[in-house]
Amino acid sequence: MKKVKFVALLVVVILALLFWGYQKVERFADTPLAIQQEAIFKLPAGTGRVALEGLLVRDKLIRNGKWFPWLLKIEPKLAAFKAGTYRFTPGMTVRQMLELLASGKEAQFNARFIEGSRLSDWMSTLQQAKYLKHTLAGKSEAEIAAALGMPAGTHPEGRLYPDTYSYTAGMSDIALLKRAHSRMEKALDEAWQQRDKALPYKTPEQLLTMASIIEKETAVAAERGKVASVFVNRLRIGMRLQTDPTVIYGMGARYTGTITRKDLDTPTAYNTYTISGLPPTPIAMPSQASLTAASQPEKTPYLYFVADGRGGHTFTTNLASHNKAVRVYRQLVKEKNEK
């Protein structure tokens, strides 16, 4: 009889201890990670349970790993973690962290490319992008074009669609650029198919070049169609485009923020004050809005435009009116500088 009572008591004690231990493990699982701000955690391939515990303790994500192995035994589905780079946020519990590691949903990072930026700007942005695999550093434009699968002799400027692109750690810079290139190819094809057939473009590349000029000339969405009309009208009558952004592009590193009369008179392949028609390639990465403006410009009689001093432009049909608008603009600038 005493033996039966002893066994019963022992069972009760064991059950009590198991229940106590279970509660401790559950409490540990519901404990927030020891972080006050977002943390990026890299889980190497082949990491086992013991190694993971060590990494979490080393990075001070959990204060004590005593109950960690027990949690994985009680809830084995949490032990199916996958290698990758993950984002942990304040308030995330140990269980939520393990569920994230088991889901394989790696952290997403963003690289933002501004409309109207150049290829050189894109390269700089890529170099500064954390966790991206860098393979293009030091590559020439021709090598970049080749890596993107462009035909030999193709200039990559203008052929990448500006937007914010998400990527996971370890993705290569060229893989990201291929996505941007594919999007621009699609957008350009659509713009070409939907273009006004009377436009003086012989190829989609010329439309892309026009879109890049429009992009650099105005940031006002409502003006893009008018700006496009000015350049199209000039092309039709054989008048030079005379657009400053092409001069700046042709100057390259010589441009330091201002354009002189000498710069306007110095021939380059891109200086539309000295060459007729469009420059040989785009001068920037155009937006969808500029592609649309280039393919479907407004129908206007305008041949000139100049900044109005208020963020927009004044459009005119003749040189006399244009010169008057220029004088008004200069007076506004002078008055602002005197204040």
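**Close-up views of a predicted model**

View 1. Is histidine 313 buried or exposed? Its relative accessibility is 16%, so histidine 313 counts as buried, the cut-off being under 20%. Look past the neighbours within four places in sequence and you'll find histidine 313 in contact with Glu217, Thr218 and Glu223, and also with Phe305, Val306, Ala307 and Asp308.

**View 2. Helix H8 packed on helix H9.** Here we have H8 (residues 204-217) and H9 (residues 224-237), whose axes are 10 Å apart and meet at an angle of about 130 degrees. That makes the two helices, H8 and H9, oblique to each other, and their crossing is right-handed. On the H8 side, the contact is made by Met210, Ile213, Ile214, Glu215 and Glu217. H9 brings in Arg224, Val227, Ala228, Phe231, Val232 and Leu235. Sort the residues of this H8 and H9 contact by class and you get eight nonpolar and three charged, with no polar ones. Glu217, one of the H8 residues here, also turns up among the contacts of histidine 313.

**View 3. Helix H5 packed on helix H7.** Now for another helix pair: H5 takes in residues 119-128 and H7 residues 173-193, packed at an angle of about 135 degrees with 11 Å between their axes. H5 and H7 are therefore oblique to each other, and H5 passes H7 in a right-handed crossing. Which residues of H5 and H7 meet? From H5 come Trp122, Met123 and Leu126, and from H7 come Asp173, Leu176, Leu177 and Ala180. By class, the contact of H5 with H7 has six nonpolar residues, one charged and no polar.

**View 4. Lysine 262 on helix H11.** Lysine 262 belongs to H11, a helix made of residues 261-265. With a relative accessibility of 65%, lysine 262 counts as exposed, because the cut-off for that label is over 50%. How far apart in space are lysine 262 and glutamate 223? Going C-alpha to C-alpha, the distance is 29 Å, while along the sequence lysine 262 and glutamate 223 are 39 residues apart. Glu223 is also one of the contacts of histidine 313.

**View 5. How the chain is divided into domains.** Stepping back, the protein chain is split into domain 1 (27-103), domain 2 (108-186) and domain 3 (198-338). Taken over C-alpha atoms, the centres of domain 1 and domain 2 are separated by 34 Å.

Methods: Residues numbered from 1 in each chain as written. Predicted model: local features only at pLDDT ≥ 70, side-chain atom pairs only at ≥ 80, totals over all residues. Heavy atoms only, no water. Buried < 20%, exposed > 50% of the residue type's maximum accessible area, 1.4 Å probe, protein only. Contact = heavy atoms within 4.5 Å. Domains from an automatic or database assignment. Axes fitted to C-alpha atoms, helices over the stretch in contact; angles between N-to-C directions. Helix = DSSP H or I, 4+ residues; strand = E, 2+ residues; numbered from the N terminus. Parallel < 35°, antiparallel > 145°, perpendicular 65-115°, else oblique. Left-handed = near helix turned anticlockwise from the far one by under 90°. Nonpolar A, V, L, I, M, F, W, Y, C, P; charged D, E, K, R; others polar.
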